[in-house]
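Let's look at a protein together and work through some questions about its fold. Take a moment with the picture before reading on.

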Amino acid sequence: MYVPLYFLPHIMIVEHGISVIEAGHTIPIYGVARIVGSLIVGMVTNHLKNNAMLFVMMCMFVLCCCCIGIIYSSAYWHFMVDAGFYGLLCGAITPLRTISLNEIFGVKTLKATYGMIMFVSGIATLGGPPFVGWVEVEWGTFFAFLFTGGVYFVAALLTIVVLWLHKRKKIESR
């Protein structure tokens, strides 16, 4: 989920002439925002009442917008706002994974489903940056961010499908 942040300081320096020191602020701002996002969601989860998947879907759509926003950013503060929102939303999604799995599959299968999510996350962490790096080299930085935004958009659409199927199954089981 942090692939666009690998490329952001480079874009800020090379394509927009922002200083190396200012571009170096991107990752710490992302990190602090991610911690804040996790803490906020940790406090809010008691009030979600079976809407964690809906919240994840909204976060994915806004993450898509952040990736597209990075493409059109031109000033230092644009990049910092994008990095902050990106970190805040990535931090929000992390604790919601467990709650979402519990909503969909129940507590009995939580161990297996969370293990599968961690496995897929590990593969994405291992393969995502080299793949998006290849996309950047082949088609340019613009397409790398557009591709990442598209992945978030598709993930949000898949979340909508999962929500619909889950609701349908719940109604049929009554």
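Some questions and answers about this structure follow.

This is a predicted model, in which local features need pLDDT of at least 70 and side-chain atom pairs count only at pLDDT 80 or more, while totals for chains, interfaces and linings use all residues. Residues are numbered from 1 along each chain as its sequence is written, and side-chain values use heavy atoms, leaving out hydrogens and water.

Q: Which pattern does the protein chain follow along the sequence?
A: Helices (H or I, at least four residues) and strands (E, at least two) are DSSP runs, numbered from the N terminus. The protein chain has seven helices and zero strands. Read along the sequence, that gives the pattern α-α-α-α-α-α-α.

Q: What is the radius of gyration of the protein chain?
A: This value is taken over C-alpha atoms, and the globule rule is 2.2 Å times the number of residues to the power 0.38. For 174 residues the rule gives 16 Å, and the chain comes close to that, so it is as compact as a globular protein of that length, with a radius of gyration of 17 Å.

Q: How far does helix H4 reach from its first C-alpha to its last?
A: Helix H4 covers residues 52-72, which is 21 residues. The expected span is 1.5 Å times one less than the number of residues. Helix H4 is close to its expected value, reaching 30 Å.

Q: What percentage of the residues of the protein chain count as buried?
A: Buried means under 20% relative accessible area, exposed over 50%, and partly exposed in between (1.4 Å probe, protein chains only). In H4, buried residues include Met-53, Cys-59 and Ile-70. Of the 174 residues of the protein chain, the buried share is 35%.
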